[in-house]
Amino acid sequence: AWFTDRFNTRIFAPLGLALGALALSSIGFAGSLWQLIALQIVGMTGTGIYHPVASALAGRLAGPALEKPGAHNGGARKSARSFGISIFFTAGMLGGSLGPIIATRINDPESLGFGGMEWLTIMIAPGVIMAGLLRLASHRVPHRTERLTVRETTGDAGELTDTEDGAVVSIDDPAHARARWLTVGLLFIANSMRFTVNIGLYYRYGVWARQTLDNPALASNLHGNLISASALGMGVSALVIGRIDRAGHERPPMALSGLLTAIPVALMALYPTWAM
């Protein structure tokens, strides 16, 4: 993120996508646990590099693409940008819902007549091709958004003007800086907690599938189905929230989404097969 902002480039989005495709699709050739862990770290590093840059790209292009004609206020621009990021996230989740199904079937010889985790390498080709297409489509789009401008005043210091919503604050106001950092910190903690639950559920799905089915291959396929269902749910809900949510009113749905879904998650161990 620092290099991306410092040098105003989006090159790390296609690089991260290609790196993730190469490493994660090669896990079938890991000869030990440590080699598997190394490939996972490298692959997920690529995914981590890709997502923030691509999200910023989606938000930047969504504003002018989705903003209603004649709407020139900051709120309309922010709503269009939020909905554009929701579309980006939903598309990723819909694609992600196919990934576990494809991967588990490739790994199951009974499904395709061939199999084994080495065959996951066939997923490298579409990953690298998409990385190349992303580079071609985005390399002319600047990463930095010059939203904030400093203007001179009659006072001792300038003012910081947010050109999208017109808010004016002193550039030397420490309370404003602390409030921003506090908000970012709280979002970071909340996201970390949510993803901890998310990864825990993926592990729980595997335990549940193995307890439900004696056949390891069928249990693996069921595990993939459950991960796919999770991705589908995330994608659809993100699209709905992104469409109905208004700029400046994001806090209620963020809070309710965690509170309401905690109930079915807590009861998950008690579900019969069809409910799961």
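## Helices α2 and α3

Helix α2 (residues 12-24) and helix α3 (residues 33-66) have axes that come within 7 Å of each other and cross at roughly 155°. Angles over 145 degrees count as roughly antiparallel, so α2 and α3 are roughly antiparallel to each other. The crossing in which α2 passes α3 is left-handed. The model described here is a predicted one.

On the α2 side, the contact is made by F12, A13, G16, L17, L19, G20, A23 and L24. On the α3 side, the residues are L39, Q40, V42, G43, M44, G46, T47, I49, Y50, V53 and A54. By class, the residues of the contact of α2 with α3 divide into 13 nonpolar, 6 polar and no charged.

## The chain as a whole

The chain has 276 residues, and buried residues make up 26% of them. Its secondary structure comes to 9 helices and 3 strands. Read from the N terminus, the elements run α-α-α-α-α-α-β-β-β-α-α-α.

Among the contacts in the chain with a separation of 6 or more, 59% are between residues 24 or more positions apart.

How far does α2 reach from its first C-alpha to its last? With 13 residues, α2 reaches 17 Å, close to the 18 Å expected at 1.5 Å a residue.

The buried residues of α2 are A13, P14, G16, A18, G20, A21 and A23. These buried residues pack against α3 and also against α6 (124-138). The loop between α1 (2-7) and α2 holds N8. N8 is not a glycine, yet it has a positive phi of about 50°. Its relative accessible area is 29%. Buried means under 20% and exposed means over 50%, so N8 counts as partly exposed.

T45 is found in helix α3. With a relative accessible area of 39%, T45 is partly exposed. T45 and G16 are 29 residues apart along the chain, and their C-alpha atoms are separated by 7.4 Å. G16 belongs to the α2 side of the contact with α3, and G16 is also one of the buried residues of α2.

R60 also has its place in helix α3. Its relative accessibility is 30%, so R60 counts as partly exposed.

## Helix α7

Which residues of α7 are buried? They are N198, L201, Y202, Y205, G206, V207, W208 and A209. What covers these buried residues includes α8 (216-244) and α9.

## α7 against α8

Two packed helices are described by the angle between their axes and the distance between the axes. For α7 and α8, the axes come within 8 Å and cross at roughly 145°. Here α7 passes α8 in a right-handed crossing.

From α7, the residues that meet α8 are N198, Y202, Y205, G206, W208, A209 and R210. Their partners in α8 are A219, L222, H223, L226, I227, S230 and M234. By class, the contact of α7 with α8 has 9 nonpolar, 4 polar and 1 charged residues. N198, Y202, Y205, G206, W208 and A209 are among the buried residues of α7.

## α7 against α9

The crossing of α7 past α9 is left-handed.

In this contact, L187, R194 and L201 of α7 meet M254, S257, G258 and V265 of α9. The residues of the contact of α7 with α9 divide into 4 nonpolar, 2 polar and 1 charged. L201 is also one of the buried residues of α7.

Conventions
Residues are numbered from 1 along each chain as its sequence is written. This is a predicted model: local features need pLDDT of at least 70, side-chain atom pairs count only at pLDDT 80 or more; totals for chains, interfaces and linings use all residues. Side-chain values use heavy atoms; hydrogens and water are left out. A crossing is left-handed if the near helix is turned anticlockwise from the far one by less than a right angle, and right-handed if clockwise. Helices (H or I, at least four residues) and strands (E, at least two) are DSSP runs, numbered from the N terminus. Contact means heavy atoms within 4.5 Å. Ala, Val, Leu, Ile, Met, Phe, Trp, Tyr, Cys and Pro count as nonpolar, Asp, Glu, Lys and Arg as charged, and the others, Gly among them, as polar. Axes are lines fitted to C-alpha atoms, for helices over the stretch in contact, and angles run from 0 to 180 degrees between N-to-C directions. Angles under 35 degrees count as roughly parallel, over 145 as roughly antiparallel, 65 to 115 as roughly perpendicular and the rest as oblique. Buried means under 20% relative accessible area, exposed over 50%, partly exposed in between (1.4 Å probe, protein chains only). The expected span of a helix is 1.5 Å times one less than its number of residues.
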